[in-house]
Structure formats: C-alpha cells, structure tokens
Amino acid sequence: MVWWSPLSPGKKAKNLEFNESDSTSQSIYRKRINVEMKEKAENLLKRGQKCILNTDIDGVLCGTILQHVLDWKVVGWCDSKDTLWVQSDIVDLRDVIFIDIFVAHPELKCIDQHLVALNKEHAEILRENPNKLNPSLERVRYASVDNKDPHSYKWKYPFGSIHFILAILETLGHEICIELDHKIQGPITSLDVILRCDDAARTTAFRYVENAQDWWPWLTDLGGSVSEQLAHYASSTDEEFATDCYNDLWELFRKKYESHTKDGNFSKHFKKKSGIPDDVIASYLAATANWIGLPPIEMANRFCVLTGNFETAPSYPKNHANVKAILERKDLFSYAFTYINGRLAEKGFSYTTWPPNGIPSMD
Ligand SMILES: [Mn+2]
C-alpha cells in the first residue's frame, strides 16, 4: 500500500476546469461536482451501515435521522478531542462511518463539514478519496487567508453536517419525514434546533451573510423540500430571534442535559460516567429525537473508552510547514482548521493522534 501523503504528487488529482467565481461557468461547475458527489454519496450512504457520531447536537440529530431513514446503527461516539466510545463488538473502525468528525486515514470513512485542506492541491486529493464526503472539499475550500480567493477559508461551508446530510439524503431520493414545527419552548421549534447546529441561524442572519447566501442555494440545488424549508426559514430569521434561540437552547442543553458546551455536547458528562450511558444521556437522546418526530438513537449499555492525544498548533500561513508535517504523520487520526484569523489562529489547527497508524483499535 502506498501510504497517504496528502501533499505529495503520488496521486494526481484532476484539475478543476472551471473557475467557480465566473458566473457563466458556475452552473456547469456545480452540476459536475454534484454528479461526482452523488456517486460518492451513494456508496457511503447505503442502508444498515454502522456509524460513530460526534457528541454534540449536530452529531445527535444526524444519528437520529440516519438511524431512521437508512436503518444505520450507532456503534460509538467521539468528542472530537481525545476520546472515543466504541461498542466492544466493533473490531475494525474501517467498517464504520464517522459522522461530523473528519478522520485522516485514507481508509477510514467520514461525512463531515470541517475545513480540512491546507491548500488547493490537498483539497483536490482529499476530494478524490471516495471515503471522504465533505462540502468544503467538494467545492475545494482550503486554509488560505486571502479573502479574494473564492476558495479560501472565508468561503468555507458555514453550516452543520446535518444540513449537508439532509440535502444529500434528498438528492438520493429518500423521503425525510421529520417534524419541523414541533414546539419546544416559547417560540422555539424543531426548525430552530436544526438550525442551531454549527450556529447556522446566526451565520445566516448576521454573522456571515454573504457566505451563507452562497451556500444555501448550493444545498437547495442538491436537496429537496426539507432543504428548501431550512434555507427559506434561516434566510427569513432576524438577528434578535436567532440570538434568543442560541441563548435559550444553550441554557436548555446546560441545565436539563448537563451539556458543558453551547453546542449541546454531552462528552464531559459521558466521560464522568466512564462509558456507561445514564438517564441524563438517555433523556437527551429521547428529547432531541422527539423534537423532530423520530425514535431516539438506540444505545448500547456500555462502551469501551479509547483515548488518543489531542493537540493544537497555530494555523496561520507562517506555520504551514509545521502543519504540513503534522498532516503527513502516520499516527494522525483526526484534525481540522478551526480558526485561521486573529488571536484564535494561535491554536487554530486542532488534531488528534492515535498511535501507531491513526486508526484507534480496541487492543
Ligand atoms: Mn459538530
């Protein structure tokens, strides 16, 4: 096997023939991407697959929908830092699909939404890998700080994995029977919870309007009526309401489900329980599923707890040679560029290593 070297010319990626910023070629470009992406999606989104989910609200909703629509089995969880919870009957993680977590090993499968490419060549190589499905890769976004470059960080996919997965399921012809207008608290409905994932509502209403307005049509071109409703609702939400939802849901996640982060992550609580899901986690999974009118994720009684090494590095251009060296490490399990501008860029590249080969194993 030729080891995956993300930046080496070993596997030559196809060059993009169209300049996406040119509006006349944009629709041809989109169609071409969509045909290639659909093939990839058909292979990954087969019925009855096993998956490992991110422990935040995005991961939970993705798992609930995939379990219902495609009869997927949730066999584990990942906190996107150093901890994995895996059912003891899973022997090889190459048999599962990671949801809302990017995994580096070329043979590991994932569907996520993070910015993971260092430069254009890297993005194209990753996009050619049939095991990686990620909108920022499909549209070749990478860690450039040049805002004039239409493929730079500023123009990365700005929503959650759930919004992408819903559009992909719709493009594959699956009917998505989820409740969008279920009342949760005050004026907050299930639509607001879905748009809470990765802060999509605030992104659309006022934080990154221009980028959101570029990505919603891409998702609705791909998807069907659910994607249309999400795009329409998000685009008509104002700053005040989006902010109220953000704060109220954060409080609900924190007070009722002991989440330690704004995005409804239950990993800290799960860690305390040493891999044994308790009533708090069960009620979180039950409530979120009930909000969208689906049965909750079926959980094993206990999970094996696996621990890797989580670290951060500066993501700014001056440090890209070091980042490239990390990307070429054989023990790299997962990573993402989380910030590349300002003070936060000091720790803007986060990554997890897992010796010896980047594939966590039970022994
Ligand atoms: Mn997430």
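Author: Residues are numbered from 1 along each chain as its sequence is written. In this predicted model, local features need pLDDT of at least 70 and side-chain atom pairs count only at pLDDT 80 or more, while totals for chains, interfaces and linings use all residues.

Reader: What makes β1 and β2 a pair?

Author: Two strands pair if DSSP finds at least two bridges between them. Five bridges join β1 (residues 50–54) to β2 (residues 73–78), so they pair, and they run parallel. One of the residues concerned is cysteine 51, whose bridge partner in β2 is valine 74. Strands here are DSSP runs of E of at least two residues and helices are runs of H or I of at least four, numbered from the N terminus.

Reader: Why are β6 and β9 said to stand at the edges?

Author: The open sheet has the order β6-β5-β4-β1-β2-β3-β9, with mixed pairing. β6 (132–133) and β9 (304–307) each have a single partner strand, so one side of each is left without a neighbour in the sheet.

Reader: Which residues of α9 are called buried, and why are they placed on the same side?

Author: In α9 (residues 225–235) these are Val226, Ser227, Leu230, Ala231 and Ala234. Buried means 20 or more other C-beta atoms within 10 Å of a residue's own, exposed 12 or fewer, and partly exposed in between, with C-beta atoms placed from the backbone. The directions from the helix axis to their C-beta atoms cover an arc of only 130°, which puts the five on the same side of α9. The face turned away carries the exposed residues Ser225 and His232.
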